[in-house]
Amino acid sequence: MTEEDILKALKNVINPDSQKDIVSLNMVSEIKIHDKNIAITIMVPMTAAPYKAEINEQCENVIKELAKDQTVNVNVTFTSKVNTKRSLHETVLPKVKNIIAVVSGKGGVGKSTVAANLAIALSKDGVKVGLMDADIYGPSAPIMFGLRGDRPKMADIEGKGKIVPIEKFGIKVMSIGFLVDERQAVVWRGPMVSSAVRQFVTDVYWDELDYLVIDMPPGTGDIHLTLMQLVPVTGVIIVTTPQDVALADAKKGIAMFGQAQLDAPIIGLVENMAYFTPAELPENKYYIFGKEGGKRLASEYDLNFLGQIPLVQSIREGGDKGVPVMLSEDAVSRKAFEAFADEVAKQVQRRNEML
Ligand SMILES: Nc1ncnc2c1ncn2[C@@H]1O[C@H](COP(=O)(O)OP(=O)(O)OP(=O)(O)O)[C@@H](O)[C@H]1O
């Protein structure tokens with residue numbers, strides 16, 4: 001059996017998403033044969049594409065058919081191809097393909113929880129992700145990633161001393177909380193905040209990333225303007241909860257980030273704490289903060305609706321324990337974050353294709 005034979009056989013594998021074969025779609029990136037072991041690498045356009053399992057099964061079947069009576073071990077792996085509209089000539093974060101700012105109109109809606117789990121959910125199939133916790137007044141990444149008290153290392157990058165993000169759970173994490181004492185930061189005023197944030201952005205060495213997720217400070221203030229002017233974001237995700245008081249503040253966020261001069265397109269809106277689901281009755285949904293307020297707001301402002309995250313005890317526990325729920329056994333929460341991350345990846349990809 002040669003590589004060519006295998007490639008020919010793979011022409012019978014149909015991508016359920018487009019109903020075309022994976023060879024014509026240029027999805028087969030590598031075929032390796034070693035005795036009876038065949039390793040195939042398939043490139044999928046988005047993370048956690050729902051059709052991966054089906055492609056995997058079809059690949060195994062066509063190769064086993066090709067091998068006839070011989071026994072072969074087929075190992076299919078997926079890698080994600082993430083596109084970008086940024087170029088290597090950018091002065092800020094040149095090696096980062098996409099920069100996503102997670103914002104909220106008001107505090108406490110779960111912005112940091114959403115940002116952390118989004119970053120982990122995106123980091124599948126070899127996709128490189130970083131999380132920048134820029135919430136200067138209440139940095140939460142040190143707690144949410146179990147990194148309290150840790151200090152990032154310094155490295156000499158092209159003759160300059162740079163801060164190296166800490167790697168945890170497969171992503172790179174950098175928090176303003178690693179550098180300044182929370183008690184000190186809360187009393188800072190405008191210019192100090194600006195210069196700290198500026199340093200934080202320019203002095204950290206992120207290296208190559210497919211996505212950099214930024215956990216922004218809550219609300220809509222000067223610090224947001226500074227950050228947005230400093231970092232050329234690909235787009236903004238607005239987090240809201242469904243009740244009216246949160247929606248009113250989310251509108252302020254939409255108005256601010258939607259300003260033309262900020263040049264920050266809104267990728268979409270996600271509704272957190274959309275409904276309560278008890279662990280023992282995962283099918284039951286209780287809309288304690290009202291039903292689909294975020295979804296209606298997205299449609300009113302003509303924004304993409306990126307998904308609903310339920311209110312689940314293990315999400316809160318994960319944050320407090322230092323192990324985000326995406327890494328837990330809780331399938332309900334994981335599925336919600338995965339679907340949301342897929343939608344984000346899809347929207348970013350579309351936006352990059354358009355520009
Ligand atoms: N879907 C959810 N289910 C259960 N608990 C949640 C959920 N989302 C967030 N929480 C909890 O709510 C609290 C606030 O969340 P988080 O810190 O992420 O909010 P925030 O909007 O980033 O807050 P801040 O304004 O302080 O930055 C945390 O204890 C978190 O664990």
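## Strand 14 and its neighbours

Strand 13 (residues 235-240) and strand 14 run parallel and are joined by five bridges, where helices (H or I, at least four residues) and strands (E, at least two) are DSSP runs numbered from the N terminus, and two strands pair if DSSP finds at least two bridges between them. This is a predicted model, in which local features need pLDDT of at least 70 and side-chain atom pairs count only at pLDDT 80 or more, while totals for chains, interfaces and linings use all residues. Residues are numbered from 1 along each chain as its sequence is written.

Between strand 14 and strand 15 the chain passes through helix 9 (residues 293-300), in a β-α-β crossover that is right-handed, meaning that, with the strands pointing away from the viewer, the path from the first strand over the helix to the second runs clockwise.

## Burial of strand 14

Ten of the eleven residues of strand 14 (residues 266-276) are buried, so this strand is largely enclosed by the rest of the structure. A residue is called buried if 20 or more other C-beta atoms lie within 10 Å of its own, exposed if 12 or fewer, and partly exposed in between, with C-beta atoms placed from the backbone.

Three strands form an open sheet in the order 3-4-5, with mixed pairing. Strand 3 (28-34) and strand 5 (73-80) stand at the edges with a single partner strand each, so one side of each has no neighbour in the sheet. Neighbouring strands of this sheet are turned against each other by 15 degrees on average, direction ignored; axes are lines fitted to C-alpha atoms, for helices over the stretch in contact, and angles run from 0 to 180 degrees between N-to-C directions.

Strand 4 (residues 37-44) runs parallel to strand 5 and is joined to it by eight bridges, and the bridge partner of I40 in strand 5 is V76.

## Helices across the sheet

Helix 1 (residues 3-10) lies across strand 3 and strand 4, running at about 135 degrees to strand 3, whereas helix 2 (residues 52-67) lies across strand 4 and strand 5, at about 145 degrees to strand 5. Two residues are in contact if their C-beta atoms, placed from the backbone, lie within 7 Å.

D5 lies in helix 1 and counts as partly exposed, because it has 14 C-beta neighbours inside 10 Å. The C-alpha atoms of D5 and I63 are separated by 9.2 Å, although these residues are 58 residues apart along the chain.
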